[in-house]
Structures are given as structure tokens and as C-alpha cells.
Amino acid sequence: MIERSLIKKSILYRLRFWIGYGLLVLALSLLLILAVTQTSGGISSSEQTSALKSASITVKNISSFMIIDLPYHMLQKISISLFGLNPISIKLPSVVIAFITSIGLVLVLRHWLQPRTSVITGAIAITSTPFIFLAQQGTPAIMLAFWPIIIMLLVISSVEKGKLRTLIFPTLTLSIALSLYTPLMIYIIIALVLSSLAHPYTRLVIRRKIPNPILISSIGLTILSLVPLIYSIIKSPMPAKGLLFSQADSGLGVIDRLIKSFTQFADISGYTIVKTGNLAPYFTLVVVALMCIGLFYLYKKRHTIQSYILFSWLAISIIVAAFNPSHPEVVFIPSIILAGMGIAMILNEWYRLFPQNPYARAFALGPIAVLIGGIMITDATRYFYLYNYNSGLIQANSEDLHLMHSTLRSKSNNITPSFIAVSNDELPFYKLYIDTNKINLQVTTEGNIDKISTSDKTRILATKSSALAKSKTIPESVIASRLDTKPSDRFYIYKNIAK
């Protein structure tokens, strides 16, 4: 007992959780920086579409706000306006949201489980391949992980020791309303609400009277934030369909969707990545094993409100992910929480064997550290390996934006292109790049090539898809991509084009 008291009085013991949280934030920051700067460097077609949709938002056109994922696109709009169109500005909103999501996840787990479990689970979550991919992907996909965590955190904050903290209630209702802009979130909201109402404790708290000013302000904020979404749904049914079903999977039948979803989670060899371009398996076998242990822990604690919520959340998420294979991230947060419960059960069972022996408890740190460290290193390495060397994932990205930026910034021979020739489909994206980066470069399409006056110092940069590149004109030089793309030649530089 004396040895245990001495251990508890040590500075390292008293600060162990703060040290753990500090290391977790440091590791998270480094991982996010590396994920954006040290992977392939390309952007996908979905990221280009997201950037264009974000850039189209303007106060001069109120209808431009009537879009799905409005909160995310507004953040991306700000990022592109401040830093110009480039891979970093496109991905920055997702990086920031992922950082907030991971901190929120640790706080939720700290409330549901124990501090030591929250640190370990948070470390596994931030180093997992799915999370790093979501964090560096410049699309609203990260919102399916962000909104549930924020809502759960606000629910926990609004109900403290059985007392309803009404001042947080407007923020909670506003978050729920804004989350409805994200496709498929309505199913998660339904699961969270129904599971909460099913537990007697939650019903008791809800019965507590909310002051009228708080209730009125909450209703007002909710209605006001949903006006753009409601208006767009009334104007056209397409937004409603986009919120209920994944538009990326609209061309697939029910059987094809189920097969695609099953492949992403069950293909432990990863062989199908080359064919489908989807991450497989979505979770590693060790994480799946922790989830299975967590499922048993969930059953043992089935009478708690956490079990009610997590079981309903996980069940609905699995069904939604099965029919929307392009959005496997819908199951990420509940699955990670389930894995955290598995870790909690392992630690609890070990400490139960040796309740009074500090040496036995300390001995457990070695195997647990090896297990957790192995999971973290393996999953993080898996991400950087796949997204740098797997052809199925690399071919989904384009390095064209980076190549063009490098070419325009090059000072070789003191001659830079004066024009860029693009196809009609490419025009909006490249025009956005020129405008936001304030580059003195004229963009032209197929029908305007003949109108360009050339001289010995005039250079024209042409994309692979442009009419000029498809003509028989011989280029002065060719710019190729380092990625595993086919074909690898992406841009051409011309001079003295014959009329």
C-alpha cells in the first residue's frame, strides 16, 4: 500500500493524462501535416467538384446557398478565397474539421469510459487509414464523422449530473439542423434520437422544463438555419434525394451496392483496390478483433444509456453503409467507439486479476504498449503506402494542378506562358485557379485558339484534353506527371502556332 501511495504521489503519475493528451495532439498535428504534404499530392475529381461548388457561393446570388453540405462548402470557400485555389486550400477545411473531430472523440470517450481508454482509443483512431484519408480529402465526407461527435459532445455537456443545462440547448439544436445538410446524416440523427428516448433516464431529463426564451431561440435558430435547405428542396426534389441516398452510387443496383460494400470491409487481401479504387479492408483485422470484444462489453453493459445509443447508431450505420458503398465513413465513429469499449474490457479484466498488486498492473503496460503501438504504426504506414504506391488509389487523383502551378512559377529562360488552352469542361476549374491566385494568364478554349496572336516570346500552355493538344501541332516541351497515370503526359507548351 505504501508503494502504491508513493507511485500516486509522483509527478508523472499525476500528470499522466495531460501528458497523454499532449502527445496525442502532437501526433495528430504531425500526421495531418504529413497526410497533406507527403502523399501523392494530387486531387480527385470529387475534390475539384467540391472546390467549384464552394467557389460558386456568393452573397450576390442567394440561390448559391441552396446546396447540400453548405456548412462545409462555406468553410472551403473561405479557404480558397484566402489562399487561392491549390491542393492545400482545398484540403484545409477537412484537416481542421478532422482535428476538431478527433479532440471531440476523446472527450466523448472520456465521459463514456475512462481517461486511459480515451487516450488509447483516440491514438488508434487518428492513426487509422480511414481517418487520415478523410482528413486529407477536400470533400464534405469528413462531416459524417464530425457531426455525430459534435452532437454527442453537446448532449453530454447539456446534461450534467442529471441537470439540464439549458444554455447549451440552442447550440445543440443548431448543430442538429446544420447536420441535416450532410447526406445520410438524417439516419444517424434518427438513430441517436430514438435510442436516447428509449432509455428512462433520458426521458426523465427531457421532461425537465426548458425556459421559454431558450426554447423559442432554439426553434428560431433551427428554422433560420434550415431555410436554404427547405427552399432548395421545394424548388427541386434532387437535393432531397441527395440527402437520403448517395448520388455517387445512383448507377448501381441493390445487389451491386451490397457486393461493393461487402468487398470494402471483407477483402483482407486488398486485391480489389486496383479494380474498384476503394480502400479495402476498411478496418484492419486487429481493430475488428477489438470491435468484437467491444460488442461483448456492450452486451454486458446493455442497460446503460451509452449501450442504447451505440447499438442503435451502429445498427443504422451498417445498414446505411451497405446500401451506400461510396460512404463507408458513416460507420467509422461508432466502430471506433466500439473498439474503445474492447480496449476498456481488456484493461478492466487485467486490473481485476490484480486489484492490489502495482507490479502486475505495471507489467501489463508492456504488452499493451506493444499492441497499441503496433496497431498505430501498422495503420499509419498502411495509409502512406497505399496512397503513394497503389495504382488503384493513385489513378483516382490528378497532379495537374500542382504541375501547372510549378510550371507557371518556373523562371527558366525568363519565359512563362501567356495563355492556357483548356477544354470546355476544364474551363471553370482553371479559370477559378487563375482568378483566385491572381495570375496574369488568359484562359482560352477550342473556339478561341485561332484568335491568339503569337510571337517568339509567346508561350501557350495546353492541357491534355484541349483541342490544341489533340491537333498535329508539335509542342516545344511536354510536362509529365510522376504519378501512376495513363497517359503520364499532362501539359504541352507551344510557341509560334501556325494560323
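**A nonpolar patch and an open sheet**

Phe323 counts as partly exposed because its relative accessibility is 36%. The model is predicted.

Student: In which helix is the place of Phe323?

Tutor: Phe323 is one of the residues that make a nonpolar surface patch of about 610 Å². Helix 15 (254–266) and helix 18 (305–323) each supply at least two residues of that patch. The place of Phe323 is in helix 18.

Student: Which helix gives the largest share of the nonpolar patch?

Tutor: The patch is made by Val254, Ile255, Leu258, Ile259, Ile316, Ile319 and Phe323. Helix 15 spans 254–266. The largest share, four residues, comes from helix 15.

Student: Which strands are the edge strands of the open sheet?

Tutor: Five strands form the sheet, with mixed pairing, in the order 6-5-7-9-8. An edge strand here pairs on one side only, and this holds for strand 6 (442–444) and strand 8 (477–480).

Student: What angle does the direction of helix 24 make with that of strand 6?

Tutor: Two helices pack on the sheet: helix 23 (residues 400–409) and helix 24 (residues 427–437). Helix 23 touches strand 5 (419–421), strand 7 (460–463), strand 8 and strand 9, and its direction makes about 30° with that of strand 9. Helix 24 touches strand 5, strand 6, strand 7 and strand 9. The direction of helix 24 makes with that of strand 6 an angle of about 175°.

Methods:
Residues numbered from 1 in each chain as written. Predicted model: local features only at pLDDT ≥ 70, side-chain atom pairs only at ≥ 80, totals over all residues. Heavy atoms only, no water. Pairing = 2+ DSSP bridges. Contact = heavy atoms within 4.5 Å. Axes fitted to C-alpha atoms, helices over the stretch in contact; angles between N-to-C directions. Patch = residues over 30% accessible without salt bridge, like charges linked within 9 Å, V, L, I, M, F, W, Y side chains within 5 Å. Areas by Shrake-Rupley, 256 points an atom, 1.4 Å probe, with all protein chains shown as cover. Salt bridge = Lys/Arg side-chain N within 4 Å of Asp/Glu carboxyl O. Buried < 20%, exposed > 50% of the residue type's maximum accessible area, 1.4 Å probe, protein only.
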